[in-house]
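Please read the points below alongside the sequence and the model. They are meant for a colleague who is meeting this structure for the first time.

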Amino acid sequence: MTVVRERPGLARVVERLTHGHDRHGQRWQLQVPCEGEPFTAARPLLLVLGLPTFGLAFAISVLTTYGPVVLIHLTTSTSQVGALIGGEGAFALVVPLVSGTVSDRLPGSPSGRRFPFVLAGAPLIVVGLALLGFSGSFLLAAAAVLAFFIGYYLYYPPYRALYADLLPRRFYPRAQSSQAILRGAGLGSALLAGGLLLAVWRPLPFAIAGFAVVATTFALVPLLRLENRCPNPLLPYESVSLRRLLLHDGELRAFAGANALWEFSFSGLKSFIVLYVVRGLGRSPSLASAVIAVVAVAYIAGAPLADRLANRYGIVPVIRVSALIYGTGLVAGVLAHRITPMLIGLPFVALAGAIMMTLPQALALTLAPRGSEGAAAGLQDFSRGLGVVLGPIAVGAAIAAFHSQLSSTHGYAAMWPVIGIPVLASLLFLRTLEPRREAALATR
């Protein structure tokens, strides 16, 4: 057993992962951080564990943002394009529950439980991206998109459950903070580079996204020889069925309800924010891009802030306060008919939203009984699927219904209460969550 004698820098960690030895020639292994150890003990593991988050975020952002550009050349129906890309929500209702729950029940080490789904999902993601870039017919493109979403939701919940398998619970907020930063980096990279790459060669952004998934998945290889030297190992533990989880765990049911409302709001906002700026306020697409850039910066800045606040005050209290600020700010958007008030309030509201959206995964894994972390990750994606499906539909219907009443924005101002009220309503679910357990962990 090799003992890590000094805090590794990024370059030294990469060298060790590549060559398997430290600078003294000793064989080096990633180690499971033990209860009671400082967070620095988990940093090498988190560096390796977090990389697929970047690859997956880059891939799904490329597909959902630039996939329609490919699809619209293969069909004259925008509704077909919208239904195909929006099919993500339908897959999120089914596949994550299966992959997350079954991965809890497989025997063996964390890699034995989770990696089969990672290895099954990654090729589907890569093949879907490659086929979409080279598609010459709508049917082939549709098959590519469906393969991508199946692979994505096979891969993602078991991968996220690795965090619960390998980390003490008091590290969850910080771990999700680092994951949120990587997710934001993947999203931002896709939005900034995707358009340029698409202009060079249509398949190029999809090919690079596939390469990113392969490279970041391969980065998990060191976990296959992970060393657990903790006196009280985190594994093995007994699995809990999803049915028992839903029937007997009121806190997880409350979390699922709140998460569905958060994702409802975020999906509705994401689908119509550009149209609100361009059509509702009559401003340029470049200004809409600037608005998205502010949101992206707030998302990245909010992740480490969420970590600090959650470790000091607990996950549930921080989510409650941020949801109150975020929801109130969204509802107030109905009063703005010009871009200036929106730009003034946007950074503060976006920061509160970023904090709120950073912590749900840590909360789900904290609330989950030991042995059901995969099911809890699947339940989070299931509730997300509900929001992804219903949010854009509700916002679109509200805009059409209030087109005359809110004529100064052509009805688009109706989106703000539609996405703000669900965030405020989530506070009712949060009232049933007891912060005592995770708050105690956070203050250690």
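**Notes on the model**

1. His410 counts as partly exposed, because its relative accessibility is 39% (buried means under 20% relative accessible area, exposed over 50%, and partly exposed in between, with a 1.4 Å probe and protein chains only). The place of this residue is in the loop between α16 and α17 (415-430), where helices (H or I, at least four residues) and strands (E, at least two) are DSSP runs numbered from the N terminus. The phi angle of His410 is near 55°, which is a positive value in a residue other than glycine.

2. On the source: this is a predicted model, in which local features need pLDDT of at least 70 and side-chain atom pairs count only at pLDDT 80 or more, while totals for chains, interfaces and linings use all residues. Residues are numbered from 1 along each chain as its sequence is written, and side-chain values use heavy atoms, with hydrogens and water left out.

3. Thr409 is also placed in the loop between α16 and α17, and it is buried, with a relative accessible area of 0%. Leaving aside residues up to four places away in sequence, Thr409 touches Gly280, Leu281, Ala336 and His337, a contact being heavy atoms within 4.5 Å.

4. For the chain as a whole, the secondary structure comes to 18 helices and 0 strands, and 54% of the 444 residues count as buried. Among the contacts with a separation of 6 or more, 83% are between residues 24 or more positions apart. The accessible surface comes to about 18,700 Å², of which 68% belongs to carbon and sulfur atoms; such areas come from the Shrake-Rupley method with a 1.4 Å probe, and for residues only the protein chains shown count as cover.

5. Helix α15 (residues 360-367) deserves a separate look, since 8 of its 8 residues are buried and the helix is therefore largely enclosed by the rest of the structure. The buried residues of α15 include Pro360, Gln361 and Thr366, as well as Leu363, Leu365 and Leu367.

6. How many salt bridges does a search of the whole structure find? The search gives 2, a salt bridge being a side-chain nitrogen of Lys or Arg within 4 Å of a carboxyl oxygen of Asp or Glu. In one of them the side chains of Arg114 and Asp165 meet at 2.8 Å, N to O. This pair links distant parts of the chain, with Arg114 in helix α6 (residues 110-134) and Asp165 in helix α7 (residues 138-166), 51 residues apart. Arg114 is buried at a relative accessible area of 0%, and Asp165 is buried at 2%.

7. The side chains of Arg384 and Glu263 also meet in a salt bridge, at 3.9 Å, N to O. Because Arg384 lies in helix α16 (residues 373-401) and Glu263 in helix α11 (residues 250-280), the pair ties together parts that are 121 residues apart in sequence. Arg384 is buried with a relative accessible area of 19%, and Glu263 is buried with 11%.

8. Phe54 is partly exposed, with a relative accessible area of 25%, whereas Phe58 is buried, with 7%.

9. Tyr156 and Tyr159 form a stacked pair as well, at 6.2 Å centre to centre with 20° between the planes. Both lie in helix α7, 3 residues apart, or about one turn of the helix, and both are buried. They belong to one aromatic cluster whose members include Phe91, Phe148, Tyr152 and Tyr163. Arg160 lies over the face of Tyr156, at 4.7 Å from the ring centre, under the criterion that NZ of Lys or CZ of Arg is within 6 Å of the ring centre and within 35 degrees of the ring normal.

Conventions:
Phe/Tyr/Trp six-rings, centres within 6.5 Å; stacked < 30°, edge-to-face > 60°.
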